[in-house]
Amino acid sequence: MDGRGDHIFHQVCEGHDGCHEYPEYRCQDCFGTALYCKGCMLARHQESPLHRLQHWVDGHFENTSLKALGLKIQLGHRVGERCCNPAPTHNDFIVLDVHGVHSVAVNFCKCETAQSLTTQLLRVRWFPATSVNPKTAATFRLLHHFHILSFESKMSAFEYWQTLSRLSDNSGINPPKDRYVSLLRMIKEWRNLTLLKRFGRGHDPGGISATQPGSCAVLCPACPQPGKNLPQGWEDASTDKRWLYGIFVAIDANFRLARKNVSSDIVDPGLSNGWSYFVEEQEYKRFLHEAGKQPQEKSTCVSHNAVNLAETKNSRGLAATGAGTVDCSRHNFKRPCAVGDLQKGEKYVNMDFLFFSTMQFAKDLIVLNVSYDIACQWSKHLQERMVKYPSRIHINCTDKFITFLVPKFHLPAHILPCQITYSHNLIRGMGRTDGEAPERGWANINPIATSTREMGPGASRDTIDDHFGDFNWKKVTNLGVSLLRKLKTAIPERDQHQRDFHEFNDTLVAERPEEVSEWKIAVEKWEMDMSVTNPFGATTTTMTQASVRLSLSQKEAEDLERGVNHSLHSEISPTVLISTGIGIEEEQNRLRQDILALGAHPTDLQRSKIQDRTNTLKCKVDQWCQIQLLYMPSASHVRTTHNSSAAALSEEKAHKINLFLPSELKSHAPDAICDERLCRFEWELRQGQSFDALDDLRRHLLLRTHLYKFKDANIRGQRANTRAATVIGKVERHVSEAADRYRRARNALQSLHETLGEHDWQELFPVLEVEHVRGMSKGKVGQSEGNRTLSWIWKMRGVSAAGEVLTDALRIEWCKARARANRWTEEVELLLEEMRRVREFLSWHAKWWDEQADRRVGLPPAEAEGTNAYARRQAALRRNIRDAFTSMWGVFLATTTEIPPM
């Protein structure tokens, strides 16, 4: 409101009874828009000294302040109480609040019982910029506001200062005094004090100096934490349950978190000193100095830049080229003492220190699952490298089961042996973990990189530590929703993949039980000892392009042998009639496809060949139709009705003539008389045709898969790629022909089943949709390796009889189908175990805070009450979160009968 509004006619102040002054001041921060006189405005703002005022003068409002009206803020006493010995501060005492920069008049108390100047400021929730003769302070409200705002918006302190400055004066006429440096200092101290307070350092009799490395990190409640959330006797769990108590960690580097070579640790020391997520800097540097001369091994997998270019990473002008980290890979938490600057690329020595440093907090665990995008290279000689490092970071690997993996998104870039050795999808006990947690976490931290790259070393580490801590805390508060969402997804996926595997397994067991038994033994042996032969690897050699051409030539020769040169005998039996009719139908379809493939401008030679085939086929159709009249007289009437005249029949194209086999006859004339034996003959032949079509379809799909793999691995150059594309095109046409042949056969069965009283045939011959025509290793559109489903064509009878070329593929797909079912089953078990861990951890943490309440003795009553109240509030918060999660999960689990109630 730019005017006085409803108060335009008020000529007397209504601040209190008996006041007769003219109302000319309005407060922007109080409730309402009432105007008061100077005296009443001062009286009303004794407890709100930072409110912003407006003065009605010359027909408009002008900004003013309580200081200009004469308000003096007395510290060290209750509001309104006189001080016997007030000490005025500097005339320009500045207080920063969320709505601007305020210049105030402050009197400190200098009475005999007066507290220190900083204490007097803190008692009114003003945080001093210095501890000696403070001239600037920020309200607790402002510091907390910036703290949360920086987490959510990634706003820098400079941007926040600019905002405060413009809120105070947006015209540039009377800008506030520059307190940006003071704001930086207060924010840094506020972050550090808040960190120490939230982790109970104020409750420890040993004080801040007793703070241990990593003790100020927000731990993952869902990860196994010995002594906090694991059941009694977990160390003695059986082999088939040991994986439930394993920890999942993921290693990665982020080169967005580079930092310029400005300032130094002496000028800008960090305040956290390795208490949270960054490792202790001096120890880290000593380690790199002692062990950093070791040469970097070159990659023997694909050309990993992280490995091969680690020594050549451009570091000009940079003190750090990025940051390395070790995360919880299932829940995306930053682990304690797991982050460090990278001086020159992603070198093993840096990542080794970070890994072994954070593993000191998991040294009691037996099962370690370690994911790294170059794990296939980094894991080599890891223990040998550890021996050369200082003993303080060693872990005992002899009593641990360590599994190295590659994140799912990065895995396809590796060579095939790595893809089947380091896959989360194939290794037992992984559930549905993908190992990509660090990549998701970088999206949260990357926006502050533009600020931290300009900071000194201490400020940069403290800022990133602070953001990691908030990131972890938000993960804690969201565990109830995230774990429940994952469980709701995992249960139906588990059921679906178990059904798929059992159907596939039952089909194969019925036809080759001994081989399936051998596959099961082999895969279970590999799961127990991954050094044995990997059952997910192929044992047959890859088809060459020459052998593929030979296979296609033989197929074409068989087609010619079956169809083009086939001659009719003078005496035709009913069986031969139907089988010959089906054969002619196939020729018609092949001719139809070849005509469509001619294009808009065929050559004379092409048209001549098509015409010759058309003439030959026309003769066969005419001969067959003449013999058909002997067995199916009604076909003549139907054909005559279908065609306008005998002349139309002779003019009709050979590939378009309806043969009116029993199935087609029934569909055109349901009442037409046809010998049931002919219907039965066609029924049997169509069933055989369906099986043959499915066999051909599976064989050509497998052939297509081999061709694409061979092309990607071996074909280079335009000429070779053109030839390969031609061969693949032929296979694609064969896939389409086989699918169409199956559909025609099934349509015939559909027409005949009522006449013959066949009712269970649809289970044997399902409808073949376009999405069903896919390779054995392909899922539906949008499905990944871990949740893909097998097309029904690979589960049908006869799949194992499709030739020796399928033996390897069947074994691999059987193993993968089993792995998918097992991983989803494990995921459900893991999620239920993690839910239990979260509840146990929160209960433990609440008890821990209860124990902190009375640890400090000898404190003044007010301080003792404060430390006790904070600890009790933190304990209550953990219990409230636990109860909310339990209630949230209980509603769903109560409806899932197979899972025991919580």
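Author: A cavity is a set of grid points where a 1.4 Å probe fits but cannot get out. In this predicted model, a search of the whole structure finds five cavities of 30 Å³ or more.

Reader: What makes the largest cavity count among those of 30 Å³ or more?

Author: The space in the largest cavity is about 50 Å³, and the search keeps cavities of 30 Å³ or more.

Reader: Which residues line the largest cavity, and what makes them lining residues?

Author: Lining residues have an atom within 4 Å of a point. For the largest cavity these are H497, D500, F501, R788, T789, L790, A817 and R820. Helices α15 (457–511) and α26 (805–852) each supply at least two residues of this lining, and α15 gives the largest share, three residues.

Reader: How many residues of each class are in this lining?

Author: Three are nonpolar, two are polar and three are charged. Asp and Arg count as charged, and the lining includes D500, R788 and R820.

Reader: Why is one side of β15 and of β17 left without a neighbour in the sheet?

Author: The sheet is open, with five strands in the order β15-β14-β11-β16-β17 and mixed pairing. Strands β15 (334–342) and β17 (401–405) stand at its edges with a single partner strand each, so one side of each has no neighbour in the sheet. Neighbouring strands of this sheet are turned against each other by 20 degrees on average, direction ignored.

Reader: How do you know that β11 and β16 pair?

Author: Two strands pair if DSSP finds at least two bridges between them. Strands β11 (residues 247–254) and β16 (residues 367–372) have five bridges, in the parallel sense, and A250 stands opposite S371 in β16.

Definitions and conventions:
Residues numbered from 1 in each chain as written. Predicted model: local features only at pLDDT ≥ 70, side-chain atom pairs only at ≥ 80, totals over all residues. Heavy atoms only, no water. 1 Å grid on protein atoms, 1.4 Å probe; cavity = no way out; pocket = protein on both sides within 12 Å on 5 of 7 lines; lining within 4 Å. Points joined across faces, edges and corners; volume = space filled by probe spheres on them. Helix = DSSP H or I, 4+ residues; strand = E, 2+ residues; numbered from the N terminus. Axes fitted to C-alpha atoms, helices over the stretch in contact; angles between N-to-C directions.
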